Amino acid sequence: MDDLEQLVRDGLRERAERVDTTAPLVARARQSARRRRGARAVVAAAAAVVIVVGGAAILDGSRDVSPSPAPDVTSDGAETPTPMAPDGWRTEQWHDLAVDVPAHWGYGSAPIRTDRRPTICDDRRPGPYVGRPVMASDMCMFAAWIEPEDPYVWLGADLEPGIVVVGDGLVQETVEVAGTTLTVAADDPLRRRILGSARRGGTCPGELGGVPTARLPIATTGHGLMVCAYRSEDGQPRLVGGELLDAAAARQLIGSYRASALMSRAPECEDAADEEMLLLQVRDRQWVAGLQCQGIREVGEDDWFQPFLTGPDRWEVGVLPHVLAWIFGSPTKSG
Amino acid sequence: MDGGVTDFEAWAEARVAGLLRFAYLVTGSQHAAEDAVQAALTRACEKWSRVGCTHDPDSYVRRMVVNEHISTWRRSGRREVAVAEVRDTVVVDAAAGVADSDAVWRMCSALPRRQRAAVVLRFYEDLEYAEIAALLDCSEATVRSHVHRALTSLRASLTSQEER
């Protein structure tokens with residue numbers, strides 16, 4: 001150990017000794033845990049009523065009955081089949097918002113608010129893109145300094161509704177829709193078309209309301225692997241994007257799941273505040289995966305398994321590498 | 001199962017001071033440290049029947065403290081850099097050790113959150129690089145890089161201090 005390391009050790013230890021450790025945190029934690037248990041008991045009682053109703057339908061012999069919805073999923077969400085995006089377009093999702101954009105557009109960031117000013121943190125390539133307020137890079141600049149040349153859509157940007165002219169005559173319009181903001185900067189017909197496609201509810205549930213223990217309503221996705229990506233906000237997993245991967249990815253997931261080992265650190269995966277979670281669907285099976293705890297559980301089962309997958313590289317498809325730090329923050333990406 | 005950690009309260013009371021010190025170094029603020037520790041202990045309490053059975057509940061809760069801090073930052077959508085306690089007057093005649101200690105703290109305060117957590121886990125908790133990597137959910141190489149950059153920054157800061 002060199003002198004510098006010893007200096008750091010001594011410096012940290014000296015600072016730590018100054019900390020006030022008298023706050024009654026253990027008692028507060030116990031009280032807080034009791035309150036949360038009480039709140040969950042109320043939710044569980046409500047859920048039991050739902051299960052009884054659902055169970056009666058199954059006894060009726062109607063096998064196509066919708067699975068029990070999670071308590072917190074919005075009722076007008078994914079239960080309704082999602083309208084397909086027209087040819088040459090794709091559907092993007094953020095929380096409860098779904099909107100269609102031209103299929104060839106890339107991905108990037110949307111402004112976050114820092115020091116009371118909207119800032120974009122991204123090193124995106126030029127070209128039209130769909131941005132989300134996810135800090136995918138340490139390269140940040142104030143949004144007001146950006147003079148865009150290409151059209152873009154921002155989902156959930158921290159902006160007030162309104163219209164401004166940006167860059168070279170591009171009109172940027174922000175509206176509130178489905179509990180979030182949608183910002184479109186494009187020529188008039190394109191902007192109107194994109195704004196007109198905005199709707200509540202896409203293929204993936206807008207939030208999970210905890211780690212799912214019962215199947216959630218996701219539209220049928222055939223032999224492919226539907227990946228719904230969530231990030232924790234105030235302890236709740238909120239949707240940041242969805243991507244339908246091909247049948248090979250679905251087979252790979254199922255193979256990996258079969259080969260994985262029972263987890264010894266399961267409590268961490270039970271935590272809905274896991275920064276990033278995935279809800280996965282292949283035909284009639286669903287899984288939930290915690291990317292921080294690196295565990296996966298089939299919805300409806302009790303046990304968690306790991307490793308989740310051999311590596312994130314095979315998940316670098318569509319929106320996923322732009323919203324999941326598990327991928328964009330991985331050693332393979334950061335070099 | 002380790003029978004010595006079956007009772008949450010006894011376990012938590014024995015560790016809360018250490019956790020608070022650790023959390024303070026990671027967060028840089030008494031208030032944030034208390035919040036992070038309370039949130040981590042609340043979750044540990046809720047799941048104690050399982051957490052208490054793990055071979056290292058301390059590690060679980062430490063991880064929760066770090067995650068709570070990083071998650072709070074991400075949830076808020078802010079990318080602030082914590083600033084060391086501001087002092088209007090530099091005490092020029094203080095012992096060199098005090099100045100060095102302040103330099104260490106200023107260096108830590110200016111680090112990004114994961115990097116700072118890596119430094120605290122390495123030099124305060126004395127964890128191995130592999131243990132830190134597991135706790136921060138990143139590669140060992142990334143942890144080494146975090147620590148190396150922090151030490152480089154501190155060296156530069158001390159050199160500049162000496163030149164003044």
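This is a predicted model: local features need pLDDT of at least 70, side-chain atom pairs count only at pLDDT 80 or more; totals for chains, interfaces and linings use all residues.
**Reading loops, helices and a sheet**

Guide: B:Asp126 lies in the loop between helix 6 and helix 7 of chain B.

Visitor: What is the phi of B:Asp126?

Guide: About 60 degrees, a positive value, although B:Asp126 is not a glycine.

Visitor: Is B:Asp126 buried or exposed?

Guide: Count the C-beta neighbours. B:Asp126 has 9 inside 10 Å, so B:Asp126 counts as exposed.

Visitor: Where in chain A can I see a positive phi in a residue other than glycine?

Guide: Go to A:Arg283, where phi is near 50 degrees. A:Arg283 sits in the loop between strand 16 (276-282) and strand 17 (285-290) of chain A. A:Arg283 has 14 other C-beta atoms within 10 Å, so it counts as partly exposed.

Visitor: Now helices. Which residues of helix 7 of chain B are buried?

Guide: First the general idea. An α-helix has 3.6 residues a turn, so residues three or four places apart point the same way. Helix 7 of chain B covers residues 129-136, and its buried residues are B:Ile132, B:Ala133, B:Leu135 and B:Leu136. They span an arc of only 165 degrees around the axis, so they lie on the same side of helix 7 of chain B. Just after helix 7 of chain B comes B:Asp137, with a positive phi of about 60 degrees.

Visitor: How many helices and strands does chain B have?

Guide: Eight helices and zero strands. Along the sequence the pattern reads α-α-α-α-α-α-α-α. Of its 164 residues, 46% count as buried. Take the contacts in chain B between residues at least 6 apart in sequence: 63% of them join residues at least 24 apart.

Visitor: How do I describe two helices that pack?

Guide: Give the angle between their axes and the distance between the axes. Helix 1 of chain B brings B:Phe22, B:Leu25 and B:Val26 to the contact, and helix 6 of chain B brings B:Arg116, B:Ala117 and B:Val120. By class, that contact has five nonpolar, no polar and one charged residues.

Visitor: At what angle do helix 1 of chain A and helix 1 of chain B cross?

Guide: At roughly 115 degrees, with axes that come within 9 Å. Helix 1 of chain A is residues 3-17. This crossing is right-handed. Chain A contributes A:Leu12, A:Arg15 and A:Ala16, while chain B contributes B:Arg21, B:Tyr24 and B:Leu25. By class, the contact has four nonpolar, no polar and two charged residues. Note B:Leu25: it is in this contact and in the contact with helix 6 of chain B.

Visitor: On to sheets. What is the strand order of the open sheet of six strands in chain A?

Guide: Strands of a sheet pair through backbone hydrogen bonds, either parallel or antiparallel. Here the order is 3-6-8-11-10-9, with mixed pairing. Strand 3 (106-109) and strand 9 (162-166) of chain A are at the edges with a single partner strand each, so one side of each has no neighbour in the sheet. From one strand to the next, the twist averages 20 degrees.

Visitor: How many bridges join strand 9 of chain A to strand 10 of chain A?

Guide: Five, and the two strands run antiparallel. In this pair, A:Gly162 stands opposite A:Thr174 of strand 10 of chain A. Helix 3 (residues 188-197) of chain A packs on the sheet, touching strand 8 (152-155), strand 10 and strand 11 (180-186) of chain A. The direction of helix 3 makes about 160 degrees with that of strand 11 of chain A.

Visitor: Which residues of strand 8 of chain A are buried on each side?

Guide: In a regular strand the side chains alternate between the two faces of the sheet. In strand 8 of chain A, A:Tyr152 and A:Trp154 are buried on one side, and A:Val153 and A:Leu155 on the other.

Visitor: In which sense does strand 8 of chain A pair with strand 6 of chain A?

Guide: Parallel, over three bridges. A:Gly131 has A:Trp154 as its bridge partner. With strand 11 of chain A, strand 8 of chain A pairs in the antiparallel sense over four bridges. There A:Tyr152 stands opposite A:Ala185.

Terms used: Residues are numbered from 1 along each chain as its sequence is written. Chains are lettered from A and ligands numbered from 1 in the order in which they are written. Two residues are in contact if their C-beta atoms, placed from the backbone, lie within 7 Å. Ala, Val, Leu, Ile, Met, Phe, Trp, Tyr, Cys and Pro count as nonpolar, Asp, Glu, Lys and Arg as charged, and the others, Gly among them, as polar. Two strands pair if DSSP finds at least two bridges between them. Axes are lines fitted to C-alpha atoms, for helices over the stretch in contact, and angles run from 0 to 180 degrees between N-to-C directions. A crossing is left-handed if the near helix is turned anticlockwise from the far one by less than a right angle, and right-handed if clockwise. A residue is buried if 20 or more other C-beta atoms lie within 10 Å of its own, exposed if 12 or fewer, and partly exposed in between; C-beta atoms are placed from the backbone. The arc is that of the directions from the helix axis to the C-beta atoms.
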